[in-house]
Amino acid sequence: MKLSNLQRFWISFILAVPMLIQMLAMPFHWQMPGYRWIAFGTTTIIMLIAAIPYWKSAWAAFKHHNSNMNTLVAVGTTVAYFYSIFALFTGRDVYFESAAYVTIFVLLGDAMEERMHNNASNALGKLLELQVKKAEVLKDGKYVDVPLDQVKVGDTIRVRPGQKIAVDGVITKGSTTVDESMITGESMPVEKTVGDPVVGSTINNNGSILFKATKVGKDTMLSQIVEMVKKAQTSHAPIQNLTDKIAGIFVPAVLIIAIITFTVWFVFFHATAVQAMLFAVSVVVIACPCALGLATPTALMVGTARAAKMGILIKNGEALEEANGLQTIVFDKTGTITNGKPIVTDLIGDPQQVLPIAGSLEENSEHPLAHAIMTKVKESQIKFPSAQNFKDLRGKGVQALVNGQPAFIGNAKLVTDCQLSAELQKQMIALQDEAKTVVLVGIADLVIGLIAIQDTPKPTSAEAIAKLKARGLKTVMLTGDNRNVAQAIADQVGIDQVIAEVLPGEKAEQIKKIQQSTSGKVAFIGDGVNDAPALSTADIGIAMGSGTDIAIESGEIVLVQNDLREVVCALDISRKTFNRIKLNLFWALIYNVIGIPIAAGMFAHLGLELSPELAGLAMAFSSVTVVGSSLLLNKAKIEDDPQLRKE
C-alpha cells in the first residue's frame, strides 16, 4: 500500500518522539536508557519510509548536473545518518535527530502541497456531479427514462417544471423560463420558447418543454467547462520555489566547502582522518536545511491560520507569491459584486394601490421576480385579497380578478394592450436606462404603477473596489450578463472596465487576453460554475464562499464572508506572509554565512571551534529563530482586518 505524504509524516513524527524527549531533557543532564540504539532504530525506519523519495530526487537532479531543495535534504540527512552510525560504533556523539527531524519538517511542507493538488482533482468531480442521471426521451411514441450516457443527438426530450435540462438542445415545443445563472452568471431567468437553445444542467422553472438534443456527452457545455478547468489547472507552469533557487547555489557551495575543509585539515594541517572528517561534518550539519526547510511551511501555516480567522482561506503558497505582482483584478458580477438575487429598487405609484394588486397576482408564482415583489409586499406589511380566474399571459405577465375587478401585472409588452400615461412611460424608460427590469401593475386596462427590480450591488462592493484602486490596481468586470445591466452596476461601484455578454467558454479566453495585455499578474474573483475556468486560468483565483463547490475548489483564495473588502485583507496578509518567508530564508542563511567558517575551523587558532554537536545546536537555534519569526505574523497589522471592523 502506497502511503500519502501526510501518512508518512505522522508515522515519522511518532517514531521521532523519543528523540524529541531526549532533546528536551538535555539541559537537565538526563539520558534516556538505550537512547543511542533507540535513535538508530527509529531513524533508520524514518529514512526508509520518508527520506528515500528525497534521495531519489537529489540523485535525479545530480544526473542532470543540477541541485534543488531535495539535494540539501538528501545530503544533510545522509551525512548526519551515516556519520551517526560511525559515531555509534566508535563511542562518539550521534546526530540521528538531525537526520530524522530534517526529513519530518520537509515532509510536512510536501503534505500540505499534496493536499492542495487533491482538492484540485476533487473540483472536477464536483462539476460532473451537476449533470442529471436520466432524461425523459421519446421512444416509440412514449416518454421513458433513459440513462444520460444513452441519450443521442436528435432525441426528443421532455423537461417538466423544476427539473434540470439533461443535455444541450433546441426547444421544439412549449415555452418557459430557465435559470442559467450557474452557466452564464446572469441572475434573471431567461425566457425560452420554440427555437431557443437550452443548456444541459440548467434548471427549467415554470413550463413543460420538449427539446431536440444537439450536443451530448463530452460535447455539452458543462463537459467543455470540465475540460477547460482540467487544462487550466494542468497548464500552470509551476512557480520555482524560492528555496530551490537558493539551493541551486547554496548546495554546491556547501559541498565544496566541506570537501575543501577535509582536504585542508588532513593534507595541510596533518589532522587525523577522524578530526578532518569532524570539521567537514560540522560544515554539512550546520548547513543542514532544517531552518531552510522550515522557512516556508511555518510562515505559510501561521499566515494561512491568521487569514482563516479573518474568514479568508488561502490554499497554497503560489497565491502568496503571485499576489506580490498583482496589477489587475477581474470581477464576476452576479453574486460577487452584486447580491445575486433581484430585489425591488423603485416603486412608482401609490403603494397602497399598487402593492395589494401585485401581492394578489404574484402570491403563488415561483418566478424569481415574483419572489422579489412578494418580499417587498411583506416588508410593507400590506394585506392583499386573493385573486380569482388567474390567467397566464405567456411572455407578457399574468391577469386575474382582484376584488371583482380585472387586474394585471407584467412586462412592457402589456403596454400595447393597456393605457400607459405619458408620465409613467417616461419614468419606465428612465428606469430601463438604469438597466432595471420594470414590471407594470394595472386595473382593467389602466396602468396604475411601476415596480423596478434589479440585482443590486452588495453594500461593501464600492468601498472594496475603491480601496483596491487606491493600491494602484486596475478593476475589470467580466460577466455573461446584458451589457447595459453590467455597465449600470459598474458605474455604481466604480469599476474601470466592463466586458459583458461573455459566454462561459469565453471567460478563460478573456482572462488570457488581459494577461497578455498587462505586465503584471491578474486575479479573478467569481462564484459560479461558469467562473471555474477563469478562476483556474487567472494567476490568482479568488472564490466567494457562497459560490458553487467547483468555484470554491478552483479558487486559490476563498472569501468565506462574501465581502469584497476581504480581498484587500487577503492581498495584505499574502504580501506580509511572503515577505516573512523571505525574511526567514535570510535568517536561515545568515547562520550558515556566520557558522560555516567557524565550523570549517577557520578560527581554530583563536580557540573558536564548532564541533558537530555545537553545529547541531546552532542549527536547532536557527530553526527556533525561523519559527519565532513566523509566529510574529500573528501580531502583524493587516489592512482592513475584519476583527478591527467589528470593534
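In which helix is the place of valine 106? In this predicted model, valine 106 sits in helix H5, which covers residues 96-128. With a relative accessibility of 8%, valine 106 counts as buried, because buried residues are those under 20% relative accessible area.

The structure contains 14 aromatic pairs. One of them joins phenylalanine 9 and tryptophan 10 in an edge-to-face arrangement, with 5.1 Å from centre to centre and 65 degrees between the planes. The pair counts as edge-to-face because planes over 60 degrees apart are placed in that class. Phenylalanine 9 is buried, at 9% relative accessible area, whereas tryptophan 10 is partly exposed, at 46%.

A stacked pair is formed by tryptophan 265 and phenylalanine 279, whose ring centres are 4.2 Å apart and whose planes make an angle of 10 degrees. Tryptophan 265 belongs to helix H8 (residues 242-268) and phenylalanine 279 to helix H9 (residues 273-286), so this contact ties together parts that lie 14 residues apart in sequence. Tryptophan 265 is buried, with a relative accessible area of 16%, and phenylalanine 279 is buried as well, at 12%. Elsewhere, ring pairs link Trp37, Phe40, Tyr81, Phe82, Phe89 and Phe96 into a cluster.

How many of the residues of strand E21 (residues 540-544) are buried? The count is 5 of 5, and the strand is mostly covered. Ile540, Ile542 and Met544 point one way from E21, while Gly541 and Ala543 point the other way, and residues on both sides are buried.

Strand E21 has pairing partners in E20 and E22. Strand E20 (residues 521-526) runs parallel to E21, and 4 bridges join the two. Within this pairing, phenylalanine 524 stands opposite glycine 541 of E21. The path from E20 to E21 passes through helix H19 (residues 532-537), making a β-α-β crossover that is right-handed. Strand E22 (residues 557-559) is also parallel to E21, with 3 bridges between them. Here alanine 543 faces valine 558 in E22.

Strand E5 (residues 176-179) pairs in the antiparallel sense with strand E6 (residues 190-192) over 3 bridges, and threonine 177 stands opposite glutamate 191 in E6. Strand E5 is joined to strand E8 (residues 203-204) too, by 2 bridges and again in an antiparallel manner. In that pairing, the bridge partner of aspartate 179 is isoleucine 203 of E8.

Key: Residues numbered from 1 in each chain as written. Predicted model: local features only at pLDDT ≥ 70, side-chain atom pairs only at ≥ 80, totals over all residues. Heavy atoms only, no water. Phe/Tyr/Trp six-rings, centres within 6.5 Å; stacked < 30°, edge-to-face > 60°. Buried < 20%, exposed > 50% of the residue type's maximum accessible area, 1.4 Å probe, protein only. Pairing = 2+ DSSP bridges. Right-handed = clockwise from strand over helix to strand, strands pointing away.
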